[in-house]
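Here is a report on one protein chain, written for a reader who works with coordinates. Look over the sequence and the fold before reading on.

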Amino acid sequence: MKIIEKKLKEFPLCEAPIDYAYEEFIEFTEEDYKKRRDKLWKLEQAKGYDLIIIYGDREHFSNICYFTGYDPRWEESLLILKRNEKPILLVGNEGIGYSKILQAEIETEMYQNFSLMGQPNDQRSKTLTEIFRCHGVEKETRIGLIGWKYYDGELLKLKGLVSDVPYYIVKCLEDMVSVHNIFNATDLLSDCEYGLKHSLEAKEIVQFDLAGTKVSRGVYHFLKEAKEGMRETEAAEFLQLDGEPLNMHPNINFGDEHVKAGINSPKFEPTLKYGMLLSVGYGMRGSLVHRCGIYARGEEDIPNIKENYIEKLLKPYFACVATWYEMMKIGMPCKEIYQMVDELLGMEKFNISLNPGHLTHTDEWTNSPFTKDSKVNIRSGMAFQCDYTVTFNEPYMSAHVEDGLVVADEKLRNEIKAIAPTCYKRLLARQKFIREVLNINLPEEVLPLSDLSCVCYPYMADTSVVLAKEE
């Protein structure tokens with residue numbers, strides 16, 4: 001595969017964009033949340049549980065939000081699910097009012113220890129033991145406990161339950177039931193094969209498209225407006241953040257030392273100079289966009305020590321990204337995509353320390369099926385991030401082209417078109433650009449969520465030049 005530099009006459013996806021149609025953005029209703037809860041209890045892996053209890057906090061909001069629409073703002077929360085019964089949501093002082101705006105039909109109960117320290121109790125809260133007992137926890141109850149992750153037992157050598165749910169909650173349950181009746185059930189949501197969050201419906205895809213559209217246009221605006229001499233914090237203003245909740249903090253970093261930290265927030269130093277390594281990215285719930293490369297107007301700005309950066313690092317990496325997208329077909333074994341990256345680039349040679357891509361949802365990284373021995377095949381309804389940073393050692397340091405996508409069969413694509421025709425037009429416009437301008441053979445089922453999908457700038461100070469496959 002030969003990779004060339006291509007001069008764009010225009011970039012209509014961002015410069016003549018298909019505007020948002022907020023009227024197409026359909027809110028989730030009790031019917032949607034009930035359907036999700038019903039699907040949960042119908043999973044073969046959930047049949048042994050009498051109760052499913054889900055923990056959430058500010059950072060780990062996604063699993064409770066998935067079933068209720070409730071998004072912990074700074075307090076902790078706990079969701080108790082029982083078969084064929086209304087969910088019970090435990091919140092602190094400041095969650096009471098916030099929980100009243102939910103579309104989901106739930107029973108809300110105060111638990112004082114979820115409030116911030118020093119706030120009044122006024123005898124409003126029962127103990128956690130009393131709450132659990134009132135809602136069905138008995139000696140023989142079998143409980144599926146959902147936190148953020150499930151764990152590789154080989155790395156722990158522990159007997160019994162392994163959970164990231166706070167100790168005091170686990171201890172309270174262990175005092176009421178046998179520890180052998182409590183199980184880490186996070187797989188019900190996050191397993192690569194049967195996890196519920198890896199089978200998206202049309203409404204979710206419309207939501208994730210809106211996130212990807214806003215984020216990619218913010219990153220593009222940043223690249224157009226950033227100027228030599230700006231500080232990281234100054235340039236970050238061009239991301240066009242609009243207050244919608246994020247799934248990660250913004251990364252704006254200039255220079256090798258800041259970029260190689262990987263997830264640095266913007267700082268007051270250093271200032272941007274031509275020839276510097278630059279990284280920019282952030283994500284809203286459902287889609288993340290990130291770019292990393294050399295801030296240059298052309299080859300003349302690339303430092304002598306990095307003079308082979310484009311030929312030795314960027315073009316091989318882009319060829320691999322293009323092949324990655326071309327392989328994202330329904331039924332494709334994920335291990336073959338892993339093998340392709342290893343054979344085309346070399347996981348060790350290009351220092352790809354993480355998986356070559358991962359699954360995503362409202363939380364940015366849910367799981368990854370891209371492993372050497374994966375048994376997972378790509379199927380309709382999966383949302384992915386094309387996310388594998390190459391760090392080809394010094395002096396080249398790094399390159400990254402990360403965007404989100406959804407794999408959708410014809411039935412799912414037609415459902416998106418029916419409820420959100422403007423969103424669907426954006427998806428088709430991105431497919432057209434990728435195929436006709438970048439010459440990447442994008443499968444029909446791949447729906448790019450970002451206006452910058454597959455766009456790799458060899459010179460980050462010149463957005464008119466991109467890498468493409470030769471026709």
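## Overall fold

This is a predicted model. The protein has 14 helices and 15 strands. Its radius of gyration is 24 Å, close to the 23 Å that the globule rule gives for 471 residues, so the protein is as compact as a globular protein of that length. Along the principal axes, the C-alpha atoms fill a box of roughly 70 × 50 × 50 Å.

Of the 471 residues, 58% count as buried.

## Helix α2

Helix α2 covers residues 30-42. At 1.5 Å a residue, its 13 residues should span 18 Å, and the end C-alpha atoms are 18 Å apart, which agrees. The expected span is 1.5 Å times one less than the number of residues.

Which residues of α2 are buried? They are Glu30, Asp32, Tyr33, Arg36, Arg37, Leu40 and Trp41. An α-helix has 3.6 residues a turn, so residues three or four places apart point the same way.

## Helix α8

α8 has 24 residues. From first C-alpha to last it reaches 34 Å, close to the 34 Å expected at 1.5 Å a residue. Of its 24 residues, 20 are buried, so α8 is largely enclosed by the rest of the structure.

## Two cavities

How many cavities of 30 Å³ or more does a search of the whole structure find? It finds two. The largest cavity holds about 70 Å³ of space. Its lining consists of Ala21, Tyr22, Glu24, Phe25, Val206, Asp209, Leu210, Cys423 and Arg426. α8 and α14 (421-436) each supply at least two of the lining residues. α8 gives the most, with three. The classes are six nonpolar, no polar and three charged residues.

The second largest cavity has a volume of about 30 Å³. Arg291, Cys292, Leu314, Ala399, His400, Val401, Cys456, Tyr457 and Met460 line it. Two strands, β10 (287-294) and β13 (400-407), each supply at least two residues of that lining. By class, there are seven nonpolar, one polar and one charged residues.

## Tyr325

Tyr325 lies in helix α11, residues 309-326. Is Tyr325 buried or exposed? Its relative accessible area is 1%, and the cut-off for buried is under 20%, so Tyr325 is buried.

Leaving out residues up to four places away in sequence, Tyr325 touches Cys386, Asp403, Leu405, Ile440, Leu442, Pro443, Val446, Ser453 and Cys454. Met276 is 49 residues from Tyr325 along the chain, and their C-alpha atoms are separated by 29 Å.

## Backbone points to check

The peptide bond from Glu269 to Pro270 is cis, with omega near 0°. Pro270 sits in the loop between α10 (256-259) and β9 (277-284).

Gln240 is not a glycine, yet it has a positive phi of about 65°. Gln240 lies in the loop between α9 (232-236) and β8 (246-254). At 41% relative accessibility, Gln240 counts as partly exposed. Asn439 also has a positive phi, near 60°, in a residue other than glycine. Asn439 lies in the loop between α14 and β14 (446-448). At 13% relative accessibility, Asn439 counts as buried.

Methods. Residues numbered from 1 in each chain as written. Predicted model: local features only at pLDDT ≥ 70, side-chain atom pairs only at ≥ 80, totals over all residues. Heavy atoms only, no water. Helix = DSSP H or I, 4+ residues; strand = E, 2+ residues; numbered from the N terminus. Buried < 20%, exposed > 50% of the residue type's maximum accessible area, 1.4 Å probe, protein only. Rg over C-alpha atoms; globule rule 2.2 N^0.38 Å. 1 Å grid on protein atoms, 1.4 Å probe; cavity = no way out; pocket = protein on both sides within 12 Å on 5 of 7 lines; lining within 4 Å. Points joined across faces, edges and corners; volume = space filled by probe spheres on them. Nonpolar A, V, L, I, M, F, W, Y, C, P; charged D, E, K, R; others polar. Contact = heavy atoms within 4.5 Å.
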